[in-house]
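Here's a quick briefing on a protein model and its ligand. Have a look at the structure, then go through the notes by topic.

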Amino acid sequence: MSTTSEASQVESFASDGGLAPHSLKDVPVLIERLFPVQKMSVESYKEQMANVGKTLTALGSYWKGRKPLILNKACILGTLLPATNDPVKDLEVFELLMGMDNDGLMRRMCAKGSIKHGDPLPRNSYHELVKKSKRPEELGDAFFEPIWDRVNTHLGTTASSFPDLIEQLGIARFGRRPIVADTFCGSGQIPFEAARLGCDVIASDLNPIACMLTWGAMNIVGGPPEERKRLASELKTLSQRVLAEVDRLGIETAELDGKLWRGKVYLYCVETRCPSTGWMVPMLPTRVVSKTHSVIAELVPDPDSQRYDILIRQGVSATELKAAAHGTVVRDALIHVVNGIEYRTQIKTLRGDFRSDEGSSGSQLRQWENRDFKPRPEDVFQERLYAIQWQEEGPNRGELAYRGVTAADLEREEAVDRYLSEHFMNWQAVGWIPDMKIEAGYNTNQPIRERGWTHWHHMFNPRQLLLLGLIRQCLSAVTFLPFAQALQCNARLSRWDNSAGGREAVKGVFDNQALNTLLNYGCRGSRYLLKEMDKTLKESSIHGSARIACGPAEAHGHDCDLYVTDPPYGDAVKYEEILEFFIAWLRKNPPPEFAEWVWDSRRALAIHGEDEGFRQGMVAAYRNMTDHMSENGLQIVMFTHQSTGIWADMANIVWASDLQVTAAWYVATETDSALRQGDNVKGTNILVLRKRCGHSKTTRDDLAWELEEEVKHQIQTLTGLNQQALGLYRDENLFEDADLQMAGYAAALRVLTQYAVIDGKQMSEEACRPRARGEKTAVDSLIDFAVEVANRCLIPQGITESHWRELEPIERFYLKMLGMEASGVSKLDNYQNFAKAFKVSDFRSVMQSAKANSSRLKSAAEFKRNDMGEGSPLHNTPLRAILYAMMELGKDADTDDVLAHLAMNVPNYYAQGTRDLIVALCQYLGTVLEPIRPDEASHARVLAQSVRNQRL
Ligand SMILES: C[S@@+](CC[C@H](N)C(=O)[O-])C[C@H]1O[C@@H](n2cnc3c(N)ncnc32)[C@H](O)[C@@H]1O
């Protein structure tokens with residue numbers, strides 16, 4: 001980590017030549033002008049899909065919502081690089097730095113072995129090329145060596161590495177190496193990338209688990225090799241100690257056929273008494289134990305004791321395996337057959353679920369007490385060990401075998417219980433096993449209601465508590481992280497995955513983001529558990545200094561130049577609840593490195609939801625950041641959210657925090673279809689913010705034209721760049737329609753948030769004003785207005801402005817939405833927004849489906865004859881006549897007849913310009929329909945050709 005003082009940096013840099021200190025002080029930054037969102041989407045997606053190949057994931061695969069490192073890099077560079085008066089060059093240099101230029105891409109493909117050195121770049125889409133490439137971060141610093149001359153020539157820098165460049169740009173803008181803060185650091189993806197680039201970093205989060213992961217990113221993955229060596233050696237010692245104790249207790253090994261076997265996985269299920277028959281029935285959603293080894297559990301009735309013996313059969317036939325897919329629990333009901341009669345009981349009936357008068361739900365299960373670690377005999381839900389996967393002990397990977405439970409196994413279970421009982425109180429007191437209560441909450445209510453569990457240790461069975469407790473005694477800072485990773489793979493909520501192809505495994509609790517209880521689960525033996533702790537970690541040095549603090553964002557107290565944050569905006573993940581799973585284990589006696597942190601999730605201080613409390617929390621946090629930001633500092637705020645309401649919310653928060661928006665972008669980050677902006681779009685909105693200067697005033701009337709000008713200007717700039725890029729690069733747009741729409745919104749926010757006073761109202765006060773649910777404020781209506789203006793300015797690419805002006809609102813709506821449909825849009829929301837923007841009252845008449853998530857316009861063939869009549873908004877419009885003609889062509893009508901009908905249906909068909917308009921619209925339809933209805937697209941092109949060649 002670097003320790004150069006601020007003064008010496010400035011001096012040494014000045015004498016080196018290059019950029020002068022503060023020379024970029026007031027120059028706009030690149031991300032305020034442009035950001036190659038389409039390519040960024042592809043790159044982010046590539047990283048998200050890398051799973052375990054991701055740089056920081058192995059430190060804690062349970063963490064939800066990691067922001068892609070490549071996106072973080074782009075944001076940080078984007079806030080430091082200047083926007084010059086040559087945007088094309090700016091973009092080129094930015095792409096060089098991101099490894100997204102053609103040459104970089106070729107080298108990335110070579111590294112992956114997809115092309116050979118010297119081969120030309122295949123003419124595929126960027127998405128296809130990136131699929132066959134390595135990620136730039138996988139190729140290390142050497143990958144960027146060839147770029148520095150070109151970068152320096154454009155920027156006037158003298159860099160030969162990212163830390164050099166960051167330092168020089170920082171000094172030119174802020175007079176020092178830039179200090180970057182993330183006050184909602186989560187798993188540390190943002191601060192890690194900032195430090196890796198060479199920024200000085202301050203990372204904080206309310207939650208100590210987030211701080212621990214960030215610490216791991218900086219000190220283990222990003223730290224010097226000695227730290228990883230320390231980790232390896234500590235893990236080795238720890239493993240030896242734990243195994244020795246387990247063996248001393250004799251709770252895991254058994255001799256059979258002259259070989260020594262060790263329990264690798266213990267399979268448990270819930271067992272309950274059927275209220276109709278009085279039988280004890282194992283609750284197994286499936287009787288398949290392993291698909292790979294064709295193992296099933298067979299339930300053998302024992303009428304005398306009214307229970308089932310469970311036989312484990314290995315190597316069964318495919319038919320038997322298939323038959324075992326159904327267990328005793330089907331669709332939330334327990335099913336078993338006695339004397340040929342099937343008895344069925346709903347699980348909720350077994351639990352005695354109820355809803356209180358106040359609307360909350362609960363069950364009549366006994367609430368477990370702290371001293372319980374297994375069900376009591378009177379409990380509705382008992383627990384039963386029903387199979388063990390054994391592994392032969394030996395130096396190599398030993399043979400695996402599944403066996404049923406024997407008397408000796410049950411004795412070993414009892415030994416575990418005895419040992420735990422003896423040590424339970426003491427271990428809780430010193431913090432080797434948890435004693436923390438489960439506080440009620442959105443996610444935490446589930447285990448309370450479904451099992452009666454009241455303390456976090458109830459989520460672990462005795463064998464798990466014993467093993468984890470033994471490990472917990474030996475932990476240091478570096479081993480805290482792998483321990484947390486192991487915790488979630490060895491709980492009563494850890495699913496047993498019986499997959500074929502050798503993929504069977506005990507899975508993590510946080511494979512999803514809830515605390516789902518399970519009817520059967522896997523418990524790991526010690527070797528298998530310790531292996532989870534010994535995962536190979538990546539190495540990637542950080543260059544800047546890194547400080548980590550545990551506290552609320554509103555109390556962050558360091559002055560910084562840049563803030564890059566990803567706040568919990570309307571987040572589906574309740575971090576403050578689910579992370580208590582880990583806090584419960586780690587909070588007592590943490591190692592000195594983590595001792596200053598508050599080992600509590602402090603739910604009351606966590607920002608969450610979307611209501612008044614959320615807004616107030618966000619304003620307090622962002623106002624504090626404004627107060628601690630350099631005058632010319634910048635902020636990037638990322639959030640993943642769909643609803644259009646976010647714009648009003650964000651404007652309020654920005655205003656109330658004395659910030660103003662200077663740009664906004666949308667990058668698809670989550671799913672495959674996100675790349676096509678389809679139904680499942682999950683992307684990241686990126687807002688660029690600066691301090692609001694002065695107290696500018698305006699009126700709503702003046703705002704109207706200003707908004708319109710700004711939105712138009714923004715959209716023209718981006719479409720202009722699209723045109724230039726088409727010539728320069730390949731056949732893809734840099735910005736698609738949805739990007740332009742977003743840029744339009746951003747422009748609107750930019751205009752609005754620069755004013756402190758609108759129509760005599762102090763906007764920061766107005767924005768803070770508490771409001772009732774559903775109340776529409778002045779800010780909301782201003783945003784609505786701005787969004788409408790933005791949408792109105794969005795002329796579909798391929799239609800000229802003069803033609804656009806000639807169209808009726810409903811025609812504009814149809815053409816615009818068709819273009820959006822072609823790129824995957826199908827949410828009713830979008831149709832409603834554009835209908836409003838284009839002032840179309842009856843847009844449903846042109847919709848074939850108006851379902852929330854699968855809306856669609858009518859195709860040419862789906863319009864009915866009365867859609868042409870006087871009652872229809874499309875009556876007498878050229879578009880309707882064109883669609884009719886396309887329908888006729890689809891029915892193989894004679895072209896001359898089609899043209900004759902067209903001439904009849906379009907008023908003033910023969911007037912100058914009308915036929916030009918028809919040709920233009922047909923060409924547009926021919927292009928946008930191609931990906932969704934190629935037949936219709938072809939009819940549109942034929943029509944364009946026929947009209948153009950028509951002899952008059
Ligand atoms: C969306 S996550 C950040 C994810 C992170 N960017 C990553 O890539 O992993 C939001 C974070 O905000 C934290 N948080 C919630 N309320 C907070 C508050 N008042 N102050 C600081 N952090 C808070 C949560 O603990 C969570 O870690």
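How many bridges join β6 to strand β7? There are 2 of them, and the two strands run antiparallel, with β7 covering residues 295–302. Before going on, note that this is a predicted model, where local features need pLDDT of at least 70, side-chain atom pairs count only at pLDDT 80 or more, and totals for chains, interfaces and linings use all residues. Residues are numbered from 1 along each chain as its sequence is written, and side-chain values use heavy atoms, with hydrogens and water left out.

**The sheet with β6, β7 and β8**

- This is an open sheet of 3 strands in the order β6-β7-β8, with antiparallel pairing (strands are DSSP runs of E, at least two residues, numbered from the N terminus; two strands pair if DSSP finds at least two bridges between them).
- At the edges sit β6 (288–290) and β8 (307–314), each pairing on one side only.
- From one strand to the next, the twist averages 35° (axes are lines fitted to C-alpha atoms, and angles run from 0 to 180 degrees between N-to-C directions).
- V288 has I296 in β7 as its bridge partner.

**The β10–β11 hairpin**

- Strand β10 (residues 333–338) pairs with strand β11 (residues 341–346) in the antiparallel sense, over 6 bridges.
- The hairpin leaves 2 residues between the strands, and N339 in the turn has a positive phi of about 50°.
- V338 stands opposite I341 in β11.

**The 7-stranded sheet**

- Here 7 strands make an open sheet with mixed pairing, in the order β19-β2-β1-β20-β21-β23-β22.
- β19 (546–550) and β22 (659–668) are at the edges with a single partner strand each, so one side of each has no neighbour in the sheet.
- On average, neighbouring strands of this sheet are turned by 15° against each other, direction ignored.
- β22 pairs with strand β23 (residues 683–691) in the antiparallel sense over 9 bridges, and L659 stands opposite K691 in β23.

**Cavities**

- The structure holds 7 cavities of 30 Å³ or more (on a 1 Å grid over the protein atoms alone, a cavity is a set of points where a 1.4 Å probe fits but cannot get out; lining residues have an atom within 4 Å of a point).
- The second largest cavity has about 160 Å³ of space (a volume is the space filled by probe spheres set on the points).
- Its lining has 15 residues, with W368, P375, F381, R451 and W453 nearest the centre.
- By class, that lining has 9 nonpolar, 1 polar and 5 charged residues (Asp, Glu, Lys and Arg count as charged; Ala, Val, Leu, Ile, Met, Phe, Trp, Tyr, Cys and Pro as nonpolar; the others, Gly among them, as polar).

**Ligand surroundings**

- The ligand is surrounded by 24 residues, and the closest are K67, S187, D205, A553 and D566 (a residue is near a molecule if one of its heavy atoms lies within 4 Å of it).
- A polar side-chain atom of D205 is 2.7 Å from an oxygen atom of the ligand.
- A polar backbone atom of L605 lies 3.0 Å from a nitrogen atom of the ligand.
- For I607, a polar backbone atom is 2.9 Å from a nitrogen atom of the ligand.

Key: Helix = DSSP H or I, 4+ residues; strand = E, 2+ residues; numbered from the N terminus. 1 Å grid on protein atoms, 1.4 Å probe; cavity = no way out; pocket = protein on both sides within 12 Å on 5 of 7 lines; lining within 4 Å. Polar contact = N/O pair within 3.5 Å; in protein donor to acceptor, adjacent residues only side chain to side chain.
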